[in-house]
Amino acid sequence: MSNGTMNGNGKRSFKLMIVDDSNLMRRRIERSQQFEELQLVGTAADGVEALELFKRTDPDVVTMDITMPHMDGIECIARLVAMKPAIRILVVSALADMERGANGFLNKPFTDRQLNEAIAELMR
């Protein structure tokens with residue numbers, strides 16, 4: 001993965017943004033991810049919030065729900081990819097359908113192990 005920045009230890013670090021309309025799901029993803037090199041830069045409850053947060057924080061990795069109010073994940077993914085083609089997006093959804101522009105898919109419900117394996121795959 002070419003994006004990310006080097007931290008003080010000479011390791012690559014990545015900024016993570018979590019997008020899901022469920023506060024419980026946002027917190028679960030935040031708690032479950034186990035990567036030192038991933039720094040959470042923010043969470044958003046819908047695509048509109050996600051675009052605003054993206055412009056302020058410039059994340060490298062995004063977890064994205066599909067079904068959300070105001071702007072769904074499909075439209076949000078297209079807009080994020082248009083702004084930053086190198087963005088890595090993991091779709092986390094109950095809809096078992098990979099959307100164009102996403103780099104991975106995780107079906108809800110999922111285990112912590114499944115989440116961490118999917119994020120690891122994105123950072124390769």
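Helices, labelled H, and strands, labelled E, are taken from DSSP runs and numbered from the N terminus, a helix having at least four residues and a strand at least two. By this definition Asn23 belongs to helix H1, which covers residues 23-32. The views below all show a predicted model.

**View 1. The whole chain, with its order of helices and strands.**
The protein chain holds 4 helices and 6 strands, and from the N terminus on these elements follow one another as β-β-α-β-α-β-α-β-β-α. Of the 124 residues in the chain, 49% are buried. Among the contacts between residues at least 6 apart in sequence, 59% join residues that are at least 24 apart.

**View 2. Strands E2 and E3 and the crossover between them.**
Strand E2, residues 12-19, and strand E3, residues 38-44, run parallel and are joined by 6 bridges. One of the residues to look for is Phe14, whose bridge partner in E3 is Leu38. Between the two strands the chain passes through H1, and this β-α-β crossover from E2 to E3 is right-handed.

Because its relative accessibility is 37%, Asn23 counts as partly exposed. The side chain of Asn23 is joined to that of Arg26 by a polar contact of 3.1 Å. Although Asn23 and Ala44 are 21 residues apart along the chain, their C-alpha atoms are separated by 9.1 Å.

**View 3. The two sides of helix H1.**
Met25, Arg26, Ile29 and Ser32 are the buried residues of H1. These four cover an arc of only 145° around the axis, so they lie on the same side of the helix H1. On the other side of H1, Leu24 and Arg31 are exposed. The cover over the buried residues of H1 includes the strands E2, E3, E4 and E5 together with helix H4, residues 112-122.

At the start of H3, a side-chain oxygen of Asp72 reaches to within 3.2 Å of the backbone nitrogen of Ile74.

Lys84 has its place in the loop between H3 and E5. With a relative accessibility of 14%, Lys84 counts as buried, since the cut-off for a buried residue is under 20%. A polar atom of the side chain of Lys84 lies 2.9 Å from the backbone oxygen of Pro59, and a polar contact of 3.3 Å joins the side chains of Lys84 and Asp60.

Most residues other than glycine have a negative phi. Asp58, which is not a glycine, has a positive phi, near 50°, and His70, also a residue other than glycine, has a positive phi of about 70°. Asp58 lies in the loop between helix H2, residues 47-57, and strand E4, residues 61-64, whereas His70 is found in the loop between E4 and helix H3, residues 73-83. Asp58 counts as partly exposed because its relative accessibility is 37%, and His70, at 70% relative accessibility, counts as exposed.

Note on methods. Residues are numbered from 1 along each chain as its sequence is written. This is a predicted model: local features need pLDDT of at least 70, side-chain atom pairs count only at pLDDT 80 or more; totals for chains, interfaces and linings use all residues. Side-chain values use heavy atoms; hydrogens and water are left out. Buried means under 20% relative accessible area, exposed over 50%, partly exposed in between (1.4 Å probe, protein chains only). A polar contact is a pair of N or O atoms within 3.5 Å; within protein, one must be able to donate a hydrogen and the other to accept it, and residues adjacent in sequence count only if both atoms are side-chain atoms. Two strands pair if DSSP finds at least two bridges between them. A crossover is right-handed if, with the strands pointing away from the viewer, the path from the first strand over the helix to the second runs clockwise. The arc is that of the directions from the helix axis to the C-beta atoms. Contact means heavy atoms within 4.5 Å.
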